[in-house]
Amino acid sequence: MNQPKKIQTSFNNRQILSLVKQYGSPIWVYNAKTINQKINTLRKFDIIRFAQKSCSNIHILRLLNKLNVQIDAVSLGEIERALLAGYKPEKDEIIFTADIFDKETLKKIIDLNITVNAGSIDMLEQLGKKSPGHRVWIRINPKFGHGHNNKTNTGGENSKHGIWNPELALPVIKKYKLHLVGLHMHIGSGVDYYHLKKVCSAMESCAILLNQNIQTISAGGGLPVPYKEKESPIDINNYFSLWNKTRKKISNYFGNNIKLEIEPGRFITAESGILITKVYVSKTTKNKKFILIDAGFNDLMRPVMYGSYHQISIITADNRILDYTRTMKTIIGGPICESGDIFTQNQQGEIEERDLPEIKIGDYIIFHNTGAYGSSMSSNYNTRPLIPEILIENNLPKIIRRKQTITELLQLEIDTY
């Protein structure tokens, strides 16, 4: 199938070219308006808690803070980011979710009295010894999972996440007088309604089994977004309705109103972002057409990591009109010294060509829906500096992360001499 002439996006060609002229390429760009719109669709939930790992820029976090979205942090670094963004631990605006503690993180959590969502009984033991009475959630492994990729499946016997037998956590909680405030259950990213009904039922069963005076249940995250052209957006009303029924059943059982929390990441930011890249090479092998751009999998990891699909659009450098009636099978790759540095591949790591019009050196390739797990998963592989991030707010662009310099990158090693 030919690439559609126009991909629905909040960015136009003139704006993209203006950004490239000002900041160069490659660059990440986010639209604050899109983020705001996505959050508004979730307002039926009592608490919206952003999975910071999906898009951790401090300026994005500040934007979310203004919109009364709370934060889930999964590392000491993410706690520090949330603090810099203005989040208040004493108001329970930060929850730390993990399956292990390291010494530095545990100390910070105790010093700031940050609520912990514990994914292991060992965590409860370690926290209880040093901070009796601490506020905790327990993350439950419901013994099944589901995700758009095996690597995003966070439940079942093959998942490292969550407590397999949550009833075994109760003696530890009692021993250290830990304050159990909530139950969390998340089975993976990209859940469908069949698995959603299963996880809702599992939450109800676990809450009744544990029979603790909890205040909140968390629906976790994993809300899908339509990465492909024919994919439909999730019905949030249906999603909320299923979880709300579960919340009501648990509330009726305990005789008090249980709050319902949701913890999305990519649902909030994925569709707000694009990655702008420039074409530097066009080459042909025996039967393959390769277009090589100035961004690599060190910048956008998802296609290599998960075989993820991102829609591609093209902006020509010479103002020519693209002919979508005459396309060719094209592979888009990057500059990394790895054969796997290919953006058009499937979940098995096999090359998956796209039907695209003729692309020339100097043209711009735009990857859509990169606002989640794009920049946050970037690395310095091949000693490549991190690229800039731009936020469009009130129709004005502002740089929210400047380009890293090679000097800055090397300084960590030079300083050891």
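User: Which strands make up the closed barrel here, and how do they pair?

Analyst: Start with the general idea: strands in a sheet pair through backbone hydrogen bonds, and the pairing is either parallel or antiparallel. In this predicted model, 8 strands form a closed barrel in the order β2-β3-β4-β5-β6-β7-β8-β9, and the pairing is parallel. Going from one strand to the next, the twist averages 30°.

User: Let's zoom in on one pair. How many bridges join β8 to β9?

Analyst: There are 3 bridges between strand β8, residues 216-218, and strand β9, residues 259-262, and the two run parallel. For a spot to look at, find Thr 216, which sits opposite Lys 259 in β9.

User: And which strands does helix α9 touch?

Analyst: Helix α9, residues 236-254, packs on the sheet and touches β8 and β9. Its direction makes about 145° with that of β9.

User: Okay, now helices. What describes two packed helices?

Analyst: You use the angle between their axes and the distance between the axes.

User: Is the crossing of α2 and α3 left-handed or right-handed?

Analyst: The α2 and α3 crossing is right-handed.

User: Which residues make the contact?

Analyst: From α2 you have Ala 32, Ile 35 and Ile 39, and from α3 you have Ile 60, Leu 63 and Leu 64. Sort the residues of this α2 and α3 contact by type and you get 6 nonpolar, no polar and no charged.

Conventions: Residues numbered from 1 in each chain as written. Predicted model: local features only at pLDDT ≥ 70, side-chain atom pairs only at ≥ 80, totals over all residues. Heavy atoms only, no water. Pairing = 2+ DSSP bridges. Helix = DSSP H or I, 4+ residues; strand = E, 2+ residues; numbered from the N terminus. Axes fitted to C-alpha atoms, helices over the stretch in contact; angles between N-to-C directions. Contact = heavy atoms within 4.5 Å. Left-handed = near helix turned anticlockwise from the far one by under 90°. Nonpolar A, V, L, I, M, F, W, Y, C, P; charged D, E, K, R; others polar.
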